[in-house]
Amino acid sequence: MTTLSPLSDTLSRLPGVSVKTDGDFLRVTSDVHSLVNTVATTKDVVPNLRLANFFATDDRTENHTFGLWIVFAGDAEHVRLLLNVAISENELHYPTLSHLFVNSARFERDIYDMFGIIPDNHPELKPVNAHDHWPKNFYPLRKDVAWDAKVKPMPGARPYTFKRYEGEG
């Protein structure tokens, strides 16, 4: 049994949310202020839903925003949902989803490291990829950073020892 239709009907009634059905796939757009309510409502309608992926895009050249993209899957219910939220390039904040999906905390930290978009009230917003040599306010997946940018170590940063692995495989 699919819960796609009840989910689509429920989400389309939320303020700041639009829903498009594409076969067995839902494409949902939410404004940033409706994000938590949209995700919580989705989880209420499909309790076994899992957050499968959460990533960002730099869309500033097209519309002066960054995009947050969240992929949800409910295997038993045959639900696939792609949620998109546009974040203004001047307001790089959104509410954390870590209280609804624990695994979102790690994705949110990655998004912060790579794009500088801040998940408000995150339980532990510390770097995942950015070690002490990483310059402040350097977000390598932003389009204004050259693909071959040379990163100078931060002055006074403690030496970072990379682990070396050897062996077969």
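**Helix H4**

The buried residues of H4 are Ser 104, Ala 105, Phe 107, Glu 108, Arg 109, Ile 111, Asp 113, Met 114 and Phe 115; buried means under 20% relative accessible area, exposed over 50%, and partly exposed in between, with a 1.4 Å probe and protein chains only. The model is a predicted one, in which local features need pLDDT of at least 70 and side-chain atom pairs count only at pLDDT 80 or more, while totals for chains, interfaces and linings use all residues. Residues are numbered from 1 along each chain as its sequence is written, and side-chain values use heavy atoms, with hydrogens and water left out.

- Nine of the 12 residues of H4 are buried, so the helix is largely enclosed by the rest of the structure.
- Helices (H or I, at least four residues) and strands (E, at least two) are DSSP runs, numbered from the N terminus.
- The cover over the buried residues of H4 includes S3, S4, strand S6 (93–95) and strand S7 (118–120); contact means heavy atoms within 4.5 Å.
- From its first C-alpha to its last, H4 reaches 16 Å, close to the 16 Å expected at 1.5 Å a residue, where the expected span is 1.5 Å times one less than the number of residues.
- Gly 116, whose phi is positive, near 80 degrees, follows H4.

**The sheet and the helices across it**

- Five strands form an open sheet in the order S1-S2-S5-S4-S3, with mixed pairing; two strands pair if DSSP finds at least two bridges between them.
- Strand S1 (17–22) and strand S3 (50–59) are the edge strands, each pairing on one side only.
- From one strand to the next, the twist averages 20 degrees; axes are lines fitted to C-alpha atoms, for helices over the stretch in contact, and angles run from 0 to 180 degrees between N-to-C directions.
- Strand S2 (residues 25–30) pairs with strand S5 (residues 79–88) in the parallel sense over six bridges, and Arg 27 stands opposite Leu 82 in S5.
- Helix H1 (residues 4–12) lies across S1, S2 and S5 and runs at about 155 degrees to S1.
- Helix H4 (residues 104–115) lies across S3 and strand S4 (65–74), at about 15 degrees to S3.

**The nonpolar core**

- The largest nonpolar core has 34 residues, and those with the most contacts inside it include Phe 54, Leu 68 and Phe 72; such a core is a set of buried Ala, Val, Leu, Ile, Met, Phe, Trp, Tyr and Cys residues joined through side-chain atoms within 4.5 Å.
- The largest share of this core, five residues, comes from S5.
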